[in-house]
Structure formats: structure tokens, C-alpha cells
Amino acid sequence: MFIMSKKVKRLFSEFIPENYDLYLDINREKAKFAGKVTIRGQKVSRPNKRITFHQSGLKAISAKIIKHNKKDNSEFTVSRINNHDSFDEMRIHSGELLHPGSYTIEIEFSGKITPQMNGIYPCNFKINGKNKQLIATQFESHHAREVFPCIDEPEAKATFDLSITSPKGETVIANTPVKSQ
């Protein structure tokens, strides 16, 4: 008999992402990374004082909440950011009510490169007897949350813009055309 002890809430029913603008700075030697994600989307839940994203093993450094109105933009003070690890969530709290509408959320964060083959992980191999390593990603199912705060659910389709800082002489390969290098 299987008994579920926690009730899992779908975050897509609260916030619908439209675009992620993601920047990653990967440090292979220290097995760490830092980044910033700017998430544009629609808050569709009832008015409350927080916006919640998925995360797993990430540390929030800072966050900003901006609501887009017809005439101008309003920036809300972030009173605290806390991780609710048992739910894989990052909760960004404001001192004011956040009403439904169009928002941009900016989050700076850091994380670790882990040996499991999900999130960001190292791939070790040999060429001509020399040990080599590349860094890969696995975002399927629910592993994007290990790399950046997001709504990591299948129905949460959004566009992505990705920037990566890499060591000179290394090649970055993605599944979309490169805009600039």
C-alpha cells in the first residue's frame, strides 16, 4: 500500500511562463555554476504575497518582481526568498499583494554540477589516451529545476533565450541556432 504524505500543487495553475532569458556561468573546476534568469509570464492565481517556482539544490542570491501595467511598470520589494526543499520550490515573497497580471521575475542563483546524469553534469571520456570532460544538461521530466528556477511541468511551455560563458577555445552546442558568439 502506497500512502502519499505530501500534497503536490501544480505551479502552472498559479503562474504561466511565456519566456525564460537564462544566463549561466559554469565553473567546471569547482563543479559549480551561477546564473540569472528573467522569467516573463502571467500570474493567474488569486492575489497573494508570493510567486513560487521549482528549484532543486539551488541557492537564491537575489530576486526582483516587476508587474507590467497598461501605463507603467511597478517593482515590488522582495521581503524574503525561501526554498521549500521537500516540494522542490523557491518561494519569492513580497510585502504587498501581487494581483493577477503580467510580470517579470528576475532571480540570481547558484548551484552545483553533480555526477548524476540530470541537471548539469560532467561527462568523462578519453581521446588518444587523454582524459577529457564535457559538461552536459538533462532537462527532461523534472530536471530543469536543478539548473534554474522555473515552472518545471510539462504543460508550462515557454520560449527560451540562453547565454553561456565558456572557457576560450571550447565549443557550446545547443539544439537551436546561435544568435551571437
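Q: Strands are DSSP runs (E) of at least two residues, numbered from the N terminus. Between which strands does Asp-85 lie?

A: The model discussed here is predicted. In it, strand S6 covers residues 78-84 and strand S7 covers 89-98, and Asp-85 lies in the loop between them.

Q: Is Asp-85 buried, partly exposed or exposed?

A: The class follows from relative accessible area: under 20% is buried, over 50% is exposed, and partly exposed falls in between. Asp-85 has a relative accessibility of 53%, and therefore counts as exposed.

Q: Which residue does the side chain of Asp-85 contact, and at what distance?

A: A polar contact requires a pair of N or O atoms within 3.5 Å. The side chains of Asp-85 and Gln-55 are joined by such a contact, at 3.0 Å. Asp-85 and Glu-155 are 70 residues apart along the chain, and their C-alpha atoms are separated by 22 Å.

Q: How many aromatic pairs does a search of the whole structure find?

A: The search finds six aromatic pairs. One of them is formed by Tyr-20 and Phe-148, with 5.6 Å from centre to centre and 75° between the planes. Planes over 60 degrees apart count as edge-to-face, and this pair is edge-to-face.

Q: Which parts of the chain does the pair of Tyr-20 and Phe-148 tie together?

A: Tyr-20 lies in strand S1 (residues 15-27), whereas Phe-148 lies in the loop between S10 and strand S11 (159-165), so the pair ties together parts that are 128 residues apart in sequence. Both residues are buried.

Q: Why is the pair of Phe-76 and Tyr-103 classed as tilted?

A: The ring planes stand at 35°, with the centres 6.4 Å apart, so the pair counts as tilted. Phe-76 belongs to strand S5 (residues 73-76) and Tyr-103 to strand S8 (residues 101-112); the pair links distant parts of the chain, 27 residues apart. Phe-76 counts as buried because its relative accessibility is 11%. Tyr-103, at 0%, is likewise buried.

Q: Which residues do ring pairs link into a cluster?

A: Ring pairs join Tyr-20, Phe-139, Phe-148 and Phe-160 into a cluster.

Q: Which residues form a nonpolar patch on the surface?

A: Nonpolar side chains are joined into a patch within 5 Å, provided that each residue has over 30% relative accessible area. Here Phe-125, Ile-127 and Leu-134 form the patch, with about 240 Å² of accessible area together. Leu-134 is placed in strand S10 (residues 130-138). Its relative accessibility is 38%, so Leu-134 counts as partly exposed.

Notes: Residues are numbered from 1 along each chain as its sequence is written. This is a predicted model: local features need pLDDT of at least 70, side-chain atom pairs count only at pLDDT 80 or more; totals for chains, interfaces and linings use all residues. Side-chain values use heavy atoms; hydrogens and water are left out. Patches are made of residues with over 30% relative accessible area and no salt bridge: like charges are joined within 9 Å, nonpolar side chains (Val, Leu, Ile, Met, Phe, Trp, Tyr) within 5 Å. Accessible areas come from the Shrake-Rupley method with a 1.4 Å probe; for residues, only the protein chains shown count as cover. A salt bridge is a side-chain nitrogen of Lys or Arg within 4 Å of a carboxyl oxygen of Asp or Glu. Helices (H or I, at least four residues) and strands (E, at least two) are DSSP runs, numbered from the N terminus. Buried means under 20% relative accessible area, exposed over 50%, partly exposed in between (1.4 Å probe, protein chains only). A polar contact is a pair of N or O atoms within 3.5 Å; within protein, one must be able to donate a hydrogen and the other to accept it, and residues adjacent in sequence count only if both atoms are side-chain atoms. Rings of Phe, Tyr and Trp (its six-membered ring) pair if their centres lie within 6.5 Å; planes under 30 degrees apart count as stacked, over 60 as edge-to-face and the rest as tilted.
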